[in-house]
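User: Hi! I would like to go through this model with you, one question at a time. Shall we start?

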Amino acid sequence: MNRKIVCFAGLKKFFGDETSVEVASGESYAGLLEQLGELNPEAKEVLASCRIAVNEEFVPLNDTIKDQTTLFLIPPSSGG
Amino acid sequence: MKHIQNTAINYSDLFDDFRHPQSGAVVLFSGEVRDNNRGRAVTHLEYEAYEPMANKMIGEILEEAKSRFNLNQAACVHRVGRVEISGCAVVVITGSGHRKEAYEANRYIIDRVKNEVPIWKHEFFADGTSEWGQNCDCVTDDNHHHHHHHNYERAE
């Protein structure tokens, strides 16, 4: 299935405001990050410290991707 | 959004609204835009947030701080959009019976907001370049967050 991914801050340079990726059944969030790194190797370093949010909650990266909702790719915070 | 705003933060007004008959101590922290960072001249900053989640997380951090430090009140507002030099990027106000809790809680809140909440700083330099911000300095402090430092330059 095709999943929509929303990007923020420095990630937009690599993937735009949003992108979509074909996710295989049983794929984990960590696997998705890896897949994004293959699509754009320059993004690998920041992807390694990204978190993923679904429905405004962070998800454990080892979990299997389950529902159909949009994924939000969250790079390291730099507020304040 | 209560904790995220795209207009100037008027912390004097926030402070005035903060009186509480049981608070003997009120601490206000304002994070302001410096004209330099790591030896480079900065012209201004722009903040971006994943707003609904940032708003929710700041609310939760404040609630946790209130019970943990026995505060009477706690407030935090963070800017998004362009903030000029000496502009307020984030404000944290804490009130408690005595000063120890108000100071400690204030520090606890700002450290967690900087480390955990999905808000990002885009720094614009005098030489015309810009960079997305690095993680906050508090990682080297006495708390133990495990975040990586990152610095990815803008393509243009």
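Analyst: Happy to! One term first: a residue counts as buried when its relative accessible area is under 20%, and as exposed when that area is over 50%. Please keep in mind that this is a predicted model.

User: Thanks! Is N37(B) buried or exposed?

Analyst: N37(B) sits in strand β3 of chain B, which covers residues 36-37. Its relative accessible area is 13%. Because the cut-off for a buried residue is under 20%, N37(B) is buried.

User: With which side chain does the side chain of N37(B) make a polar contact?

Analyst: Leaving out residues up to four places away in sequence, N37(B) touches V42(B), K121(B) and E123(B). The polar contact between side chains, at 2.5 Å, is with E123(B).

User: Now to the two chains. What is the area buried between chain A and chain B?

Analyst: The contact involves 23 residues of chain A and 30 residues of chain B. Carbon and sulfur atoms give 58% of the buried area. The total comes to about 2,300 Å².

User: Which three residues supply more than any other three of the area that chain A buries against chain B?

Analyst: Together these three supply 29% of what chain A buries against chain B. They are E56(A), S78(A) and G80(A).

User: How far apart are the closest N and O atoms in the salt bridge of E48(B)?

Analyst: Two salt bridges are found across the interface of chain A and chain B. In the one that E48(B) forms, the partner is K12(A). A salt bridge needs a nitrogen and a carboxyl oxygen within 4 Å, and here the closest N and O atoms are 3.3 Å apart.

User: How many nonpolar residues are on the side of chain A that touches chain B?

Analyst: There are 13 residue pairs in polar contact between the chains, both partners at pLDDT 80 or more. On the chain A side, α1 (12-15), α3 (44-47), β3 (51-54), β4 (57-58) and β5 (71-74) each supply at least two residues. By class, this side has seven polar and six charged residues, and the number of nonpolar ones is 10.

User: Which strands stand at the edges of the sheet in chain A?

Analyst: The sheet is open and mixed, with five strands in the order β2-β1-β5-β3-β4. Each edge strand has a single partner, so one of its sides lacks a neighbour in the sheet. Those strands are β2 (18-22) and β4 of chain A.

User: And which residue in β5(A) is the bridge partner of I52(A)?

Analyst: β3(A) and β5(A) pair in the antiparallel sense, over three bridges. The bridge partner of I52(A) in β5(A) is L73(A).

Methods
Residues are numbered from 1 along each chain as its sequence is written. Chains are lettered from A and ligands numbered from 1 in the order in which they are written. This is a predicted model: local features need pLDDT of at least 70, side-chain atom pairs count only at pLDDT 80 or more; totals for chains, interfaces and linings use all residues. Side-chain values use heavy atoms; hydrogens and water are left out. Contact means heavy atoms within 4.5 Å. Buried area is the accessible area (1.4 Å probe) that two parts lose on being put together, summed over both. A salt bridge is a side-chain nitrogen of Lys or Arg within 4 Å of a carboxyl oxygen of Asp or Glu. A polar contact is a pair of N or O atoms within 3.5 Å; within protein, one must be able to donate a hydrogen and the other to accept it, and residues adjacent in sequence count only if both atoms are side-chain atoms. Helices (H or I, at least four residues) and strands (E, at least two) are DSSP runs, numbered from the N terminus. Ala, Val, Leu, Ile, Met, Phe, Trp, Tyr, Cys and Pro count as nonpolar, Asp, Glu, Lys and Arg as charged, and the others, Gly among them, as polar. Buried means under 20% relative accessible area, exposed over 50%, partly exposed in between (1.4 Å probe, protein chains only). Two strands pair if DSSP finds at least two bridges between them.
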